[in-house]
Amino acid sequence: MANINENYLSLKQSYLFSEIAKRVSTFTVANPDKKIIRLGIGDVTKPLPNCVITAMHKATDEMANEKTFKGYGPEQGYDFLKETISEHYKEKNVNLDLDEIFVSDGAKSDTGNIGDIFDKDNIVLVTDPVYPVYIDTNMMAGRQIKLLDCNEQNGFTPAPPNFKGDIIYLCSPNNPTGSVMTKPQLQEWVDYANKNGSVILFDAAYEAFISDENLPKSIYEIEGAKNCAIEFCSFSKTAGFTGTRCAYTIVPKTLMRKTKLGENISLNSLWNRRQATKFNGVPYIVQRGATAVYSQQGKKETKEIIAYYMQNAKIISDTLKSLGITYFGGVNAPYIWLKCPQGFSSWGFFDYLLNNIYVVGTPGSGFGKNGEGYFRLTAFGSRENTIEATKRIAKLLGK
Ligand code: PLP
């Protein structure tokens, strides 16, 4: 008889976004005439940039022609895309070999699947609040997880603890708090990891939202990071690929860790083996589209889209400021993390906004215990909806 992986039974049953969907649907059934505005889930609303569409159309035509048709591609991604990714890193003064870049279908799958190359007995350090995928995937694997408190006192950015952790997830710009790590803060973590032989899993899915040139967009801008860090990045939020699916993971060839018997092994070769065995690559058409993102025209178009979202962030932040509501993020990050006013709990505030002004956000408690009393709004809505939502918020919460 096959037994199940009982670790799955320890996962929280009601996933945050299904509970939100349930409450919104109950409200809609009772109030069919009310126009709901969603500033909750972090999905984008702007379509793919024109140059991406053009590249994908051209690639589609290639697939229709026997001479240019492509079957299975390299599991790690086509060189034409990896070359543009490596050029993108050169702009951050980071040099990468093409075989250090692994193209994939998402930072979500990669941040979860990376656990395959690590021992089950590693201790995992995760910030609280956090993007839930890091916790759930490690719970599925049965690993011990230690939480690092992120709160107002530490600016929602934890310093390395005085105990050892083996695998450390860091996300900057952060989902959900919108905090961004500085170079000195990241250097502390890199030093901690190199000293303890830990590995940092650095989620840079929102790097494109950083406009402050002093802030690191890649962990490899930090000295020593190529000896201790794996970086995840994605075209999802940078260029509207949430439904198209393309991302990449960097595993430096200098990153080595030991077996229990002390033999040094390259994590790059392990990840390559894992991907070649369990993954068959991102569609050719999608990789052609992703390549266009880092072209001159692509950079121009994505910059405009990001500026549009960041203007939404400003509209939300300005409203909160005028209402005297404490908030974090919204600069160099598309998330605004606000402190629920009037002593509301996270879910209490969710219900208050939904029932009174039909605006949907995300309760902070869904991201961890330190999220209780906080609420996440996103800048990914349309301008019209963002303005309308902030007007309703100002009317409800203004004196
Ligand atoms: N990492 C973080 C921190 C995210 O917030 C998200 C999506 O919301 C992802 C990864 C998922 O990225 P992808 O669409 O590439 O799977």
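Four strands make up an open sheet, lined up in the order S11-S12-S15-S14 with antiparallel pairing; strands here are DSSP runs (E, at least two residues), as helices are (H or I, at least four), numbered from the N terminus, and two strands pair if DSSP finds at least two bridges between them. Strand S11 (327–329) and strand S14 (362–363) sit at the edges with a single partner strand each, so one side of each has no neighbour in the sheet. This is a predicted model: local features need pLDDT of at least 70, side-chain atom pairs count only at pLDDT 80 or more, and totals for chains, interfaces and linings use all residues. Residues are numbered from 1 along each chain as its sequence is written, and side-chain values use heavy atoms, with hydrogens and water left out.

S14 pairs with strand S15 (residues 374–378) in the antiparallel sense over two bridges, and Thr 362 stands opposite Arg 376 in S15.

Now for the ligand. Its surroundings come to 14 residues, the closest being Asn 175, Asp 203, Tyr 206, Ser 234 and Ser 236; a residue counts as near if one of its heavy atoms lies within 4 Å. Helix H4 (107–113) and helix H7 (236–239) each supply at least two residues of this shell. A nitrogen atom of the ligand is 2.6 Å from an N or O atom in the side chain of Asp 203. An oxygen atom of the ligand is 2.6 Å from an N or O atom in the side chain of Tyr 206, and for Ser 234 there is likewise a ligand oxygen at 2.6 Å from a side-chain N or O atom.

Note on methods:
Polar contact = N/O pair within 3.5 Å; in protein donor to acceptor, adjacent residues only side chain to side chain.
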